[in-house]
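Subject: Handover of a structure for your study

Dear colleague,

Please find below the structure that I am handing over to you.

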Amino acid sequence: MAAHGRSTLRDLFDDSPTPHIAHPPRTHHRHFYVATDGSYRRDGDAGGLGVVIEARDGTRVARLSLPDSAPDNNVAEYRALHLGLDVLAARAPADARVGVLVDHDALAAAVNAEVLAGAGGDAGWRPSGRKPVPPGSEVHWRGIRARIAGFDELRAARIDGRENPAHPLANAPGEYAHVNRRADRCVIPEPLDGDAVAVADAREARAHAESTAAERARETDPQYPPPSRFEGRASD
């Protein structure tokens with residue numbers, strides 16, 4: 001339910017950390033917000049996938065609550081986000097700015113690292129020397145990456161599972177099956193202030209570049225040796 005004309009998802013996104021990416025006020029400029037969650041049951045019972053999508057004014061675009069039998073919780077989380085982005089892509093214009101909300105730390109970090117490493121970005125953000133996603137999630141990660149590239153801009157926020165509106169949909173798909181019978185909407189997002197956003201984009205890019213340069217200079221400057229692993233311990 002929207003509060004004071006603002007969507008619940010927008011409020012959650014604005015108040016949550018976005019791993020790897022600074023969270024300046026311009027991140028409030030999203031056209032759509034998608035919250036997803038996946039559940040896994042060790043006892044052999046089917047888990048589920050939950051998706052909630054809203055426009056920035058609080059208009060509900062879609063809700064889904066589907067049973068699913070994932071091999072583990074990590075795969076369930078990746079499947080849920082893949083599903084949510086597929087549903088949004090079918091109902092939103094390609095130039096949409098998207099805010100993703102998940103309660104899975106590694107997934108939020110992987111999404112934002114992919115954003116930073118995308119077109120015109122720094123490929124060094126992508127993990128090297130190990131699989132960037134949990135085993136069994138590779139196909140879903142390829143789908144997620146394709147959707148990230150298909151939107152004008154996307155970033156992910158990590159929210160508390162207790163506040164994730166997709167959580168009950170994923171954990172009790174039998175109880176929420178009725179939401180799947182409601183017609184999804186194709187929503188034309190309200191326009192954003194392009195000039196203000198462009199200025200904020202340039203300001204954030206400059207700040208990020210300066211911060212990165214300072215960190216690299218510090219790493220290579222012999223005046224700043226790496227901290228000792230014993231630093232901060234009380235003496236024996």
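Along the sequence, the elements of the protein chain come in the pattern α-β-β-β-α-β-α-α-β-α-α. In total the chain has six helices and five strands; helices (H or I, at least four residues) and strands (E, at least two) are DSSP runs, numbered from the N terminus. Please note that this is a predicted model, in which local features need pLDDT of at least 70 and side-chain atom pairs count only at pLDDT 80 or more, while totals for chains, interfaces and linings use all residues. Residues are numbered from 1 along each chain as its sequence is written, and side-chain values use heavy atoms, with hydrogens and water left out.

The chain as a whole

Of the 236 residues of the protein chain, 41% are buried. Here buried means under 20% relative accessible area, exposed means over 50%, and partly exposed lies in between (1.4 Å probe, protein chains only). The accessible surface of the chain is about 12900 Å², and carbon and sulfur atoms hold 52% of that surface. Such areas come from the Shrake-Rupley method with a 1.4 Å probe, and for residues only the protein chains shown count as cover. Among contacts (heavy atoms within 4.5 Å) with a separation of 6 or more, 76% join residues 24 or more positions apart.

The sheet

In what order do the five strands stand in the sheet? The order is E3-E2-E1-E4-E5, in an open sheet with mixed pairing. Strand E3 (60-68) and strand E5 (153-158) are at the edges, and each has a single partner strand, so one side of each has no neighbour in the sheet. From one strand to the next, the twist averages 15°. Two strands count as paired if DSSP finds at least two bridges between them.

Strand E1 (residues 32-39) has partners in both senses. With strand E2 (residues 47-55), E1 pairs in the antiparallel sense over eight bridges; with strand E4 (residues 97-102), E1 pairs in the parallel sense over four bridges. Phe 32 illustrates both pairings: its bridge partner in E2 is Ala 55, and its bridge partner in E4 is Val 98.

E1 is also mostly covered, as eight of its eight residues are buried. In a regular strand the side chains alternate between the two faces of the sheet. In E1, Phe 32, Val 34, Thr 36 and Gly 38 point one way, whereas Tyr 33, Ala 35, Asp 37 and Ser 39 point the other way.

Further along the sheet, E4 and E5 pair in the parallel sense over six bridges. Val 102 has Arg 158 as its bridge partner in E5. Glu 153 also lies in E5 and is buried, with a relative accessible area of 15%. The side chain of Glu 153 makes a polar contact with that of Arg 97 (3.4 Å). A polar contact is a pair of N or O atoms within 3.5 Å; within protein, one must be able to donate a hydrogen and the other to accept it, and residues adjacent in sequence count only if both atoms are side-chain atoms.

The helices

Helix H2 (residues 73-89) has 17 residues and spans 24 Å from its first C-alpha to its last, close to the expected 24 Å at 1.5 Å a residue. The expected span is 1.5 Å times one less than the number of residues. The buried residues of H2 include Val 75, Tyr 78, Leu 81, Leu 85 and Leu 88.

Helix H3 (residues 105-117) has 13 residues and reaches 18 Å, close to the 18 Å expected. Its buried residues include Leu 107, Val 111 and Glu 114, and their cover includes H2, E4, H4 and E5.

Gly 143 has its place in helix H4 (residues 138-150) and is buried, with a relative accessible area of 15%. Gly 143 and Leu 81 are 62 residues apart along the chain, and their C-alpha atoms are separated by 9.4 Å.

A residue in a loop

His 20 lies in the loop between helix H1 (8-14) and E1. Although His 20 is not a glycine, it has a positive phi of about 75°. His 20 counts as partly exposed, at 44% relative accessibility.

Yours sincerely,
A colleague

Conventions. Axes are lines fitted to C-alpha atoms, for helices over the stretch in contact, and angles run from 0 to 180 degrees between N-to-C directions.
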